[in-house]
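Please examine the structure shown below.

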Amino acid sequence: MRLEVLCEDHTNITQPLVALLTSYQVELRAMEFAGNGVIYLNCPALNFEIFSELMAKIRQIPTVTDVRKIPFIPSERETRELNAILDTLPDPIISIGLQGEIDMANESALALFKVTVEQIQSFSIFHYIPKLQSAPWFHAIKSGEPKIKPAQLDQSLLRYRDNITIEGLNYLMDVMPVIITQSSGESLLAGAVVTLKPIVASEVKLKAVSQYNPLGFEHFVGSSNMHQRLINQAKKLAMLDQPLLIEGDTGTGKEMLARACHNRSLRANHAFLVLSCASMPDDVAETELFGHAPGTFNNEAGHKGIFEQADQGTVFLDEIGEMSPHLQIKLLRFLQDGSFRRVGEEQEMHVDVRVIASTKQTLSQLTQEGSFREDLYYRLNVLNLSIPPLRERSSDILPLLDMFVAKYAQQLGLLTPSYGEHLVEQLSLYPWPGNIRQLENSVLRAMTQLDSDVLNFEHFQLPKLQPSVSAFEAHLPSFNLDGNLDEMMKNYESQILQRLYQSFPSSRKLAKRLEVSHTSIANKLRDYGIRKA
């Protein structure tokens, strides 16, 4: 029950009004004063007789001119209006208190975390967004100094931004502290409002964030399940400090993935340095990694190695499988505790560096062969990412093709061409031994060969490969010769449909590709239990 009490002067009415409610044993939940002689009361519902008697008694209080029942008191109406506005916004918005407790969350936030209002308020914001604990305003709270000087209002405490990952999706987190200025001029931190803006790969608005490095995971394009699993796993491992081993064929983007992991980590504001371990003499490589003392090579000045230069950052060791046995021992010692000695120097140094290594070879096999140290392999292989070759994820061909065509059409000053009827199908069946790098170079070459507004397979001028290594055969599992002829033919047919269905992900597209009826393909997919990957 909400009441609006109209009075000529509310300065002396509070005490008799509260005493009257107490005499009727009515709980006063809230009382608000308006500047125009109006008092608002929030009380539990009463039966009609008591309510009528109470209304009459309130009217008898001196200076009271009228009292009436209303649906909401002003603060309730403002709160409901605010919630209604916030629920119409597409971005998740969460209001939090000084200790990270959640005061309010709009519908988008509840949907993101798949919880109800009661459930989301049963945990602090750090349960849902652990990275938020690094926000400057939270450090101020933990230090016991929530008071903010006016001069600080335009500094880092005013706003905190960072990019985070929730359920495998990227969000730009924007934290706006709620600062209340008292009549004395003192400013107090009352809480914060957290907004999560979804990051779409094609959007360039992220470049406006000063601390955002443009070479991140949003530059990885692909629609296959393999690609999505790789990126989701990489985002999780990026935040860790343990060594990371990235395995993948030539041209799959190992260094680009390493840079993306660095840029998402807490080391993003520090150096990311690269050293290729392939075909480098031991003395040169050792100097590059660990540096040398002054005068070691008839040079008065010393030299800082990559590990020393990258302190607090990341070192990427490309093609670690080709590192010499001598340097493997040195690297093993460094990975144990981050300590090393410059060449020609006895003093030991210590740095905090994350090591990310890559290889196109299989390190476990090299270990078995004795060309790579087993103890170093286990030191490096704490965390692992394996990039599948392009021939195993042909459904990524089209989005990559779209990206590279748009890129080089802009560079060459051309209109974006349309694709020939069978272009995507033909590119999907090509094995791409050079992977994404080969595809990108081929697109550039094809764009320079354009003589119309249609891009065809002939423009790519791809080298012909031996039939034994065709993409089609490369994708098929080993053929099973068990059973009779009919069973073997069905097994072979199932493999064909399973392979092609990933590139032509609908029964109608697949039927058109194989030049058979849609009904026949639909029945076979159902009989073999084949679904989209």
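**Questions and answers on a predicted model**

Q: Which residues of β3 are buried on one side and which on the other?
A: Both faces of β3 are covered. Helices (H or I, at least four residues) and strands (E, at least two) are DSSP runs, numbered from the N terminus, and buried means under 20% relative accessible area, exposed over 50%, partly exposed in between (1.4 Å probe, protein chains only). The buried residues are Ile39 and Leu41 on one side, and on the other Val38, Tyr40 and Asn42.

Q: On what kind of model do these answers rest, and how are residues numbered?
A: This is a predicted model, in which local features need pLDDT of at least 70, side-chain atom pairs count only at pLDDT 80 or more, and totals for chains, interfaces and linings use all residues. Side-chain values use heavy atoms, with hydrogens and water left out, and residues are numbered from 1 along each chain as its sequence is written.

Q: Why is strand β3 largely enclosed by the rest of the structure?
A: Strand β3 covers residues 38–42. It is largely enclosed because the buried residues number 5 of the 5.

Q: In what order do the strands of the sheet that contains β3 stand?
A: This open sheet has 4 strands, and the pairing is antiparallel; two strands pair if DSSP finds at least two bridges between them. The edge strands are β2 and β4 (64–70), each of which pairs on one side only. The twist from one strand to the next averages 20 degrees. The order is β2-β3-β1-β4.

Q: Which residue of β3 is the bridge partner of Leu6?
A: Strand β1 (residues 2–7) runs antiparallel to β3 and is joined to it by 5 bridges. The partner of Leu6 in β3 is Val38.

Q: Which residue of β3 does Met31 stand opposite?
A: Strand β2 (residues 30–34) is also antiparallel to β3, with 5 bridges between them. One of the pairs joins Ala30 to Asn42. Met31 stands opposite Leu41.

Q: At about what angle to β4 does helix α2 run?
A: Axes are lines fitted to C-alpha atoms, for helices over the stretch in contact (heavy atoms within 4.5 Å), and angles run from 0 to 180 degrees between N-to-C directions. Helix α1 (residues 14–23) lies across β2 and β3, at about 155 degrees to β2. Helix α2 (residues 48–59) lies across β1 and β4, and its angle to β4 is about 150 degrees.

Q: Which strands stand at the edges of the parallel sheet?
A: In this open sheet, 5 strands follow the order β12-β15-β18-β11-β19 with parallel pairing. Each edge strand has a single partner, so one side of each is left without a neighbour in the sheet; these strands are β12 (272–276) and β19 (383–387).

Q: What is the bridge partner of Ile246 in β19?
A: Strand β11 (residues 244–248) runs parallel to β19, and 5 bridges join the two. The partner of Ile246 is Leu385.

Q: How many disulfides does the structure hold?
A: A disulfide is a pair of cysteine sulfur atoms within 2.5 Å. Among the cysteines, Cys7 is buried at 9% relative accessible area, and Cys277 is buried at 8%. The number of disulfides is 0.

Q: Which element of the chain has the lowest mean pLDDT?
A: pLDDT is the predictor's confidence in each residue, from 0 to 100. The chain has a mean of 80, and 85% of its residues reach 70 or more. Over residues 201–214 the pLDDT stays under 50. Among the elements, β11 has the highest mean (94), while the lowest (43) belongs to helix α18.
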